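Trainee: I am new to this structure. Could you show me how to read its features, one by one?

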Amino acid sequence: MSRGRLAGPDRRGRFGPYGGIFVPETLVAPLAELEREYRRARRDPQFRKELNCYLREYVGRPTPLYLARRMSEALGIRCYLKREDLCHTGAHKINNCLGQVLLAKRMGKRRVIAETGAGQHGVATATAAALFGMECVIYMGNVDMQRQALNVFRMERLGARVVPVTAGQQTLKEAISEAMRDWVTNVRNTCYVLGSVLGPHPYPMMVRDFQSVIGREARRQCLRKEGRLPRSLVACVGGGSNALGLFHAFLGDRQVELIGVEAGGEGIRSGRHAARFAGGRPGVLQGTHTFILQDREGQIKLTHSVSAGLDYAAVGPEHAYLREIGRARYEHVTDRQAVDAVNALCRWEGILPALESAHAVAWVIMNARRWNRDDIVVINLSGRGDKDVEQLAKWESKHPGKTLRKGRK
Ligand SMILES: *Cc1c(COP(=O)(O)O)cnc(C)c1O
């Protein structure tokens, strides 16, 4: 299996049957312009040099590939953590935002807008906008604004205007719709900075490219430290940008297993989850054709996760494709398992992971026995958990007890 065939999308923005451009007529030209400018920028050594410089000096890249010794010992594997939690602003999202805002600047736009769920993408966009002196408007669901008050405060300090969205479930999906509406109206001076590998082409490709620095570093670091490639890569999947960012450099390495972990919420049978592959089917949402949680009539289902960053009804189209061709597999863990994994990682390694990232940690803990002692497992630690402490405290007081166990073969 060559990387070439896997590195899509095709000219229509398709990954196999997934992806594409499903937008109102008014957005077709702006998306085409964005793609053209992006492809030009990607080839321009000056652009690449400037972006790399900011990634190094401002974000703090490369992030370490850290051998988690006590965790490895406890689980009987060789477990590495890719430390995206150490990025400036506390998560991987800044990698993408810097790229897109730098591109907006190059295109002569003065204003950037974005949607945000957990608030991390809003903070990262507001940060990049401040860095380049741009006007910034962030759309955020009202429920998410309550759940992530700290991030709202941070965005406002950074000079962004945070607009509460009160439609529907008042979370990420509605915020994206509002941001798209703004973009249609203000496209002349505005760039829409999308936060994951979602939406119409070229976003899934562009966001993946900007995040793929994670896997390029991890691959090099693993070869340098161990002289061989990992057995498995494990990452949580909201839209799927941190996971694709880690996976992409390894797509051609067939022996490396790629595992994405979705939010199982309160369990698939409860219906309160965000596991698109376990509980969804193909459809179109917000510009792209992919796996979606929907009812029989095609109405988008309400989603649930303890982590705002995984709480979305659609998954990135490239993930749907990688799953279909058998290159990646997708699993899910529950809220409780993720919360327990936060605590486990704190005790083992002194690292407080984001609730999102803890889904990947939980899956590795529960399935530790499928690997051998010298198998290298790389977990993408997509973000840090400081933003989640209030949510964690609330969750634990409502759900006493503990269930996470090391799994059997
Ligand atoms: C936003 C977020 C995610 C989910 O987004 P992806 O696009 O799936 O990566 C995961 N982890 C953290 C820390 C986040 O902030």
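This is a predicted model: local features need pLDDT of at least 70, side-chain atom pairs count only at pLDDT 80 or more; totals for chains, interfaces and linings use all residues.

Trainee: How many residues does helix H2 have, and what does it reach from first C-alpha to last?

Mentor: Names first: helices (H or I, at least four residues) and strands (E, at least two) are DSSP runs, numbered from the N terminus. The expected span of a helix is 1.5 Å times one less than its number of residues. H2 covers residues 25–43, 19 residues, and reaches 29 Å, close to the 27 Å expected.

Trainee: Which residues of H2 are buried?

Mentor: Buried means under 20% relative accessible area, exposed over 50%, and partly exposed in between (1.4 Å probe, protein chains only). An α-helix has 3.6 residues a turn, so residues three or four places apart point the same way. In H2 the buried ones are Leu 27, Pro 30, Leu 31, Leu 34, Glu 35, Glu 37, Tyr 38 and Ala 41. Their cover includes helices H3 (45–59), H5 (93–106), H9 (172–186) and H10 (203–211).

Trainee: How do H5 and H10 cross?

Mentor: Two packed helices are described by the angle between their axes and the distance between the axes. Axes are lines fitted to C-alpha atoms, for helices over the stretch in contact, and angles run from 0 to 180 degrees between N-to-C directions. The axes of H5 and H10 come within 8 Å and cross at roughly 115°. Contact means heavy atoms within 4.5 Å. H5 brings Lys 93, Asn 95, Asn 96, Gly 99, Gln 100 and Leu 103, while H10 brings Tyr 203, Met 206, Val 207, Phe 210 and Gln 211.

Trainee: Which residues have the most contacts inside the largest nonpolar core?

Mentor: In soluble globular proteins, nonpolar side chains tend to be buried together. A nonpolar core is a set of buried Ala, Val, Leu, Ile, Met, Phe, Trp, Tyr and Cys residues joined through side-chain atoms within 4.5 Å. The largest here has 62 residues, and Leu 98, Leu 103, Val 112, Met 155, Tyr 192 and Tyr 203 have the most contacts inside it. H5 gives the largest share, seven residues. Beyond four places in sequence, the contacts of Tyr 203 include Leu 31, Leu 34 and Trp 183.

Trainee: Where does Ser 382 lie?

Mentor: Ser 382 is in the loop between strand E14 (376–381) and helix H17 (389–398). Ser 382 is buried, at 4% relative accessible area. Among the residues it touches, beyond four places in sequence, are Glu 84, His 92 and Cys 236.

Trainee: And Tyr 139, buried or exposed?

Mentor: Tyr 139 is buried, with 9% relative accessible area. Tyr 139 lies in strand E6 (residues 135–141).

Trainee: Which peptide bonds are cis?

Mentor: Most residues other than glycine have a negative phi, and most peptide bonds are trans. A cis bond joins Arg 61 and Pro 62, with omega about -5°. Another runs from His 201 to Pro 202, with omega near 10°.

Trainee: What is the phi of Thr 89?

Mentor: Thr 89 has a positive phi of about 80°, although it is not a glycine. Thr 89 lies in the loop between strand E4 (78–83) and H5.

Terms used
Residues are numbered from 1 along each chain as its sequence is written. Side-chain values use heavy atoms; hydrogens and water are left out.
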